[in-house]
Amino acid sequence: MQDYIHFAEKNGIILEDSGFCQFCGAKTERGIHECLEIFNFGFSGVDYAKPENLEFKFLVVDSHTLQHPEIHGRWNNHFHLTRMTLVLKEKISWTYELSPILSNTLKEYKITHPSEVLTPPKIGHRGKITTSDVLLAQENSLECKNLIRKWAEEVFLSWQEHHHTVDSIAQSFLSNRKQHITY
Ligand SMILES: [Zn+2]
């Protein structure tokens, strides 16, 4: 069984197999399944293999995950919202090497906050831009990148209630990263 189906079941959500995506409203014919396919396939205007495009890959992952929290584990919200804080607010140029440092920071955080839940914004209130909008813009690289950034900013803003919580995790990450660089 695929992970997302498992998480939806765990969260008591029945996945709809047709129509628009029930979570983000993307204009699909096969609902969340197609929305995930668009997400997994990527966008032709942004070649993730190029180092300068890497930031867009992370923004897409964070935006999509936070628009679809019902199909992920609950600590994913902490991870992706903190990363968005670091990228959008702290202007960190994210790389693959930084993700394990954030995971470890979160592991420490979980020990002192074992029951914390970041309740997602209501469905339909997690930013208006969706995968199908970015797909429509994919041919034009600049337009596509601009839209991805706007998408990320909208989703990030919609989780505003929890910014204060993840700000503290972001600060811990920054000091852990410093140690990582020093030693
Ligand atoms: Zn969707």
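**A residue and its helix**

T82 is found in helix α4, residues 75-89, where helices are DSSP runs of H or I with at least four residues, numbered from the N terminus. Residues are numbered from 1 along each chain as its sequence is written. The model is predicted, with local features needing pLDDT of at least 70 and side-chain atom pairs pLDDT 80 or more, while totals for chains, interfaces and linings use all residues.

Q: Is T82 buried or exposed?
A: A residue is buried if 20 or more other C-beta atoms, placed from the backbone, lie within 10 Å of its own, exposed if 12 or fewer, and partly exposed in between. Because T82 has 25 C-beta neighbours inside 10 Å, T82 counts as buried.

Q: Which residues does T82 touch, not counting residues up to four places away in sequence?
A: Contact requires C-beta atoms, placed from the backbone, within 7 Å. With residues up to four places away in sequence left out, T82 touches L102, V166, I169, A170 and F173.

Q: How are α4 and α5 oriented to each other?
A: Their axes, lines fitted to C-alpha atoms over the stretch in contact, with angles running from 0 to 180 degrees between N-to-C directions, come within 11 Å and cross at roughly 130°. Angles under 35 degrees count as roughly parallel, over 145 as roughly antiparallel, 65 to 115 as roughly perpendicular and the rest as oblique. The helices α4 and α5 are therefore oblique.

Q: Which residues of α5 make the contact with α4?
A: On the α4 side, the contact is made by W75, H78, F79, T82 and R83. From α5 come L102, L106 and K110.

How values were computed: Helix = DSSP H or I, 4+ residues; strand = E, 2+ residues; numbered from the N terminus. Contact = placed C-beta atoms within 7 Å.
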